[in-house]
Amino acid sequence: MEMEQDLTETAGVEALRRAAVLRPLVQAYLASTGSLEAGIRDAVWELGVSRATVWRWIRRLAEEGGRTSALVPQKRGRRAGTTVISSAVEELIEEHLRRYFLRRERPSLSRVVLEIRIACGERSWQAPTRRTIQRRLDAMDEREVMKAREGAKAARQKFGPVPGTNRADLPLDVMQIDHTPADIILVDSFERKPIGRPWVTLAIDIATRIVAGYYVSFEAPSRLSIALCLTRAVAPKAELLPELDSNVPWPA
């Protein structure tokens with residue numbers, strides 16, 4: 001108990017140290033007041049972590065409203081009680097799901113679980129639990145599952161595109177916001193190692209088709225992404241254009 005308390009206190013002290021360094025950057029990040037590059041470099045040096053980690057902590061701190069607990073070091077490793085399934089069992093689960101579950105006869109999952117357990121017993125393998133098999137099924141493409149069990153027409157009706165148009169008569173009548181992963185992989189500015197594909201959030205005015213605001217982040221789309229995109233959309237663009245090295249008018 002005493003050791004656990006010491007570890008907890010150490011984690012709390014480390015979280016306070018991180019928050020003290022990062023809070024000014026979070027405020028500038030939320031206010032979109034110019035480049036954070038200099039502050040990011042200082043934080044990388046002071047905290048002894050990568051640039052990608054600093055950015056991840058900044059976004060986490062912003063999403064948690066500045067609470068220090070968002071920066072408490074996380075325990076590494078698997079959670080207690082988790083088990084690792086061999087690749088052979090993984091292949092057997094997928095094979096049986098496709099052979100016995102993805103059929104027009106629509107057999108029950110319980111029947112497939114039984115078949116998998118029998119097959120594992122014949123090979124002296126540890127059989128997976130029903131929950132594990134259910135998770136593998138949930139990870140399959142829903143459209144593919146429905147097409148195999150209920151037919152292509154049912155899958156097309158549920159997952160096919162819905163025809164229609166978005167119309168607006170005047171600017172700012174309707175603003176459409178959407179997210180997409182950028183078709184590019186960004187690298188660390190120091191080590192040139194891949195960081196990942198950023199998400200791009202765009203706010204587009206339907207009447208004029210003008211991009212009124214945008215937001216770029218490595219984090220998956222969230223309420224924060226939409227809020228920051230809208231903040232950029234309603235803000236004047238005069239100060240932003242020089243940062244983008246652009247002299248093209250942006251009347252939004």
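Reader: Which residue stands opposite V211 in β5?

Author: That's I204. Keep in mind that this is a predicted model.

Reader: Noted. And what sits opposite V216 in β5?

Author: V200 does. Both pairs belong to the pairing of β4 (residues 199-205) with β5 (residues 211-217).

Reader: How many bridges join those strands, and are they parallel or antiparallel?

Author: Six bridges, and the two strands run antiparallel. They form a hairpin with five residues between the strands.

Reader: Which residue in that hairpin takes a positive phi?

Author: R209, with phi near 65 degrees.

Reader: What's the strand order in the sheet they belong to?

Author: It goes β1-β4-β5, an open sheet of three strands with antiparallel pairing. β1 (175-181) and β5 are the edge strands, and each has a single partner, so one side of each is left without a neighbour in the sheet.

Reader: How much are neighbouring strands turned against each other?

Author: By 15 degrees on average, ignoring direction.

Reader: Which helix lies across β1, β4 and β5?

Author: Helix α9, residues 223-234, and its direction is at about 140 degrees to β5.

Reader: Switching to the chain end. Where is A252 found, and what does it touch?

Author: A252 is in the segment after α10. Leaving out residues up to four places away in sequence, A252 touches I210, V211, A212, A233, A235 and K237.

Reader: How far apart are A252 and A212, in sequence and in space?

Author: They're 40 residues apart in sequence and 5.3 Å apart in space, C-alpha to C-alpha.

Reader: How accessible is A252?

Author: A252 has 35% relative accessibility, which makes it partly exposed.

Reader: What about L241, buried or exposed?

Author: L241 is buried, at a relative accessible area of 15%, and the cut-off for buried is under 20%. L241 is in helix α10, residues 240-243. Apart from neighbours within four places in sequence, L241 is in contact with S246, V248 and W250.

Reader: Which residues of α4 are buried?

Author: V89, L92, I93, H96, L97 and F101. Looking down the axis of α4, the buried residues fall within an arc of 130 degrees, so they line one face of the helix.

Reader: Why would spacing like that put residues on one side?

Author: An α-helix has 3.6 residues a turn, so residues three or four places apart point the same way.

Reader: What's on the face of α4 turned away from the buried side?

Author: S87 and E91, which are exposed there.

Reader: And what covers the buried residues of α4?

Author: The cover includes α5 (109-122), α6 (130-138) and α7.

Reader: How does α7 pack with α8?

Author: α7 (residues 142-150) and α8 (residues 152-159) pack at an angle of about 145 degrees, with their axes 7 Å apart. On the α7 side, the contact is made by E142, R143, M146, K147 and E150. On the α8 side, A152, A154, A155, R156, K158 and F159 make the contact.

Reader: Last one: how many helices and strands overall, and what share is buried?

Author: The protein has 10 helices and five strands, and buried residues make up 29% of the 252 residues. For contacts between residues at least 6 apart in sequence, 51% join residues at least 24 apart.

How values were computed:
Residues numbered from 1 in each chain as written. Predicted model: local features only at pLDDT ≥ 70, side-chain atom pairs only at ≥ 80, totals over all residues. Heavy atoms only, no water. Axes fitted to C-alpha atoms, helices over the stretch in contact; angles between N-to-C directions. Helix = DSSP H or I, 4+ residues; strand = E, 2+ residues; numbered from the N terminus. Contact = heavy atoms within 4.5 Å. Buried < 20%, exposed > 50% of the residue type's maximum accessible area, 1.4 Å probe, protein only. Arc of directions from axis to C-beta. Pairing = 2+ DSSP bridges.
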